[in-house]
Protein chains: 2
Amino acid sequence: MSRPRLADVATAAGCSTASVSLVLRGAPGPSEATRVRVLAAAEELGYRPDRAASLLARRRSGMLGVVTDVRSTFHSELVEELLAASARRGFDLLIGARSPARDEERAVETLIDSRCEALLLLGTSSPGEWLVALDGQVPLVAVTGRASGVDSVRVDDERGAREATEHLLALGHRAVVHVDGGPGTIAADRCRGYERAMTAAGLEPRVVRGGHGEADGAAAAADLGAATGVTVFNDRAAVGLLDALVRAGVRVPGDVSVAGFDDSPLSRLAHVDLTTVSQDVPALVEHALDLVARRLDGERDEVGEVVLAPRLVVRGTTAPPPCARP
Amino acid sequence: MSRPRLADVATAAGCSTASVSLVLRGAPGPSEATRVRVLAAAEELGYRPDRAASLLARRRSGMLGVVTDVRSTFHSELVEELLAASARRGFDLLIGARSPARDEERAVETLIDSRCEALLLLGTSSPGEWLVALDGQVPLVAVTGRASGVDSVRVDDERGAREATEHLLALGHRAVVHVDGGPGTIAADRCRGYERAMTAAGLEPRVVRGGHGEADGAAAAADLGAATGVTVFNDRAAVGLLDALVRAGVRVPGDVSVAGFDDSPLSRLAHVDLTTVSQDVPALVEHALDLVARRLDGERDEVGEVVLAPRLVVRGTTAPPPCARP
DNA sequence: CGTGCACCTTAAAGCGCTTTAAAGGCTCCC
DNA sequence: GGGAGCCTTTAAAGCGCTTTAAGGTGCACG
């Protein structure tokens, strides 16, 4: 015999399919008695709704569009988590990759074309007004990114960078530099966090040009000067930097301490063991999906903004500076 | 105005929705003239089929079940690739995690319950007869695993291990040991490959107990004896081994050469840079999905078996043995 | 000129679920 | 006793696509 349908449950419960549908979705209407009978019947039969039929009848696609920078491992992690979490909520994900700057627009178009009900923009750096306009077309959440007027979910980047810097200062470092992440609001926030920490400690901040990738970090190695501590924009760049340092015979953390940002899988490897700032990917994702869901269900119209606390993860690449030790 | 429906295309093309449906799916029936008109109309309107409606009418769920060992990074990679590739083919993926031995049965039950049309078992080591029985219930493909009587897709593990061993031998190593992967057909195949290569070279094979994880590899470090070359069951264990060696002050590849298996993301890291055997994940996935698709479309009833060629990837952890150098 | 046949085309019946308008039952009160 | 008014329940009409059986058409052939 085949899998039970809504109609089978209705028969078993002695009511109509309409009632069953209402009960199973927790919609108001059915009486307590019906509710109980229906739930029992559904349980008894092991009923599982047919997603396709449900979506069809509801005229929804159940699809979420995600715009991501393919080259970012942190984005990969977010996407992976999104895949799991959105599946749990009955959403499909359509991934739209963007490469450099304004390709985002094209990715978004494709996603909208493909019936996505809402968009999640990972680390967007598009102008705020464009985002607002887009948001009028289709609900949108900026994940790991800022823009006033649209929903956003992110970690307090400034605070994260500040804490990483303070960690180095607390270890006794004085000559601490920051390898930045190039243009973009997130890089700016992290940079500011670093600068604030330095200034507050009465030290002169020094920022070295960096970027998002391993190569950028490796390139920055040449500009460290006499620094004994380095905070890097993200883990990828930090790993590149570590690699360059090791190859140059510089001991980490013996000679130089390094802290990254993202707590990407990379940083957790025994070989790398990088001190970094964790972004709590599952929480970011969960909040983002909440915003989307509440928006789609019409439970919300104001702009939602979630800022999560960063968490410093101290691993093996940070230690007191050489001069502070015997 | 809303997105075009099948009916709109039919109107534009001046024919019935039935014809349009037939044409768009490439089904036989419609004449060339109709075909051309329909395609033009669809293109013109920018028609995109509604997946939910299509699945509903076709009484399919569009869902594939994947059973994976969560702890394996190689499986993660396969899953990631599967997610992308199956989305491309219009399939949803349901991931069923299994932990140790016979949990696979439970994972499979859940997946079948959830309307999966077919199952992909990653690295299964369940008894062949059980698999055959299961295959009768729902089409199944063993990915990275062997079992006679059911579809399977894998790399030639024996050959891969043989080539890795031969690579070490060619570099001049004589004392080469193999760290095995514990029970399971795959581990056995790789072990056999190593033994064949050694025997063929007139050397005595020596196998050290290992396992799938980093800790297993690290533990094996103590048993290497005077070996100058090591082939390891997989990359995870190899990385663990490397770590243990480095901590013990053994230089790699200066004192000992190490080769892994899987070409996992781990091995590609600059820090690790592990010589390994690549499994061509995209190809594995593509073939697996092909088998599934052809089976579901009823184009095939014989058992399909795909064995791909492994590819040795020489990186930085293998070099001539110390004695062979100045 | 009918017939028969091969091809195309299409009307229509769903797929399993949602949703809405209307029916059905109650209670309550005049 | 007969509505009015309220709460439940349900019949029925889709959602957009697939599929099948039946209906044309045109052509070769007798």
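This is a predicted model: local features need pLDDT of at least 70, side-chain atom pairs count only at pLDDT 80 or more; totals for chains, interfaces and linings use all residues.

User: Which kind of axis relates the two copies, chain A and chain B?
Analyst: A rotation of 180 degrees with 0.2 Å of shift along its axis places chain A on chain B, with an RMSD of 0.2 Å. The two copies are therefore related as by a two-fold rotation axis.

User: Which residue of chain A comes closest to the rotation axis?
Analyst: The axis in question is that of the 180 degrees rotation that superposes chain A on chain B. Taken by C-alpha, the closest residue of chain A lies at 2.3 Å from the axis, and that residue is A:Ala52.

User: Why can the copies be said to meet through the same surface?
Analyst: The contact involves 11 residues from chain A and 12 residues from chain B. The copies meet through the same surface because the interface residues of chain A are also interface residues in chain B to the extent of 91%.

User: Which element gives the most to the side of chain A that touches chain B?
Analyst: Chain A puts 11 residues into the contact. By class, this side of chain A has seven nonpolar, two polar and two charged residues. The element that gives the most, with four residues, is α4(A).

User: Which element supplies the largest share of the surface near DNA strand D?
Analyst: DNA strand D is surrounded by 27 residues, with A:Cys15, A:Ala18, B:Leu6, B:Ala18 and B:Ala57 the closest. At least two residues each come from α2, α3 and α4 of chain A and from α2 and α4 of chain B. The largest share, five residues, is that of α4(B).

User: And which element supplies the largest share near DNA strand C?
Analyst: Around DNA strand C there are 27 residues, and A:Leu6, A:Ala53, A:Ala57, B:Cys15 and B:Ala18 come nearest. Two or more residues each are given by α2 and α4 of chain A and by α2, α3 and α4 of chain B. The residues of this surface divide into 13 nonpolar, nine polar and five charged. Its largest share, five residues, comes from α4(A).

User: How many Å apart in space are B:Gly136 and B:Glu44?
Analyst: In sequence, B:Gly136 and B:Glu44 are 92 residues apart. In space, C-alpha to C-alpha, their separation is 45 Å.

Technical notes
Residues are numbered from 1 along each chain as its sequence is written. Chains are lettered from A and ligands numbered from 1 in the order in which they are written. A residue is near a molecule or strand if its C-beta atom, placed from the backbone, lies within 6 Å of it. Copies are superposed by least squares on the C-alpha atoms of residues with pLDDT of at least 70 in both. Two residues are in contact if their C-beta atoms, placed from the backbone, lie within 7 Å. Ala, Val, Leu, Ile, Met, Phe, Trp, Tyr, Cys and Pro count as nonpolar, Asp, Glu, Lys and Arg as charged, and the others, Gly among them, as polar.
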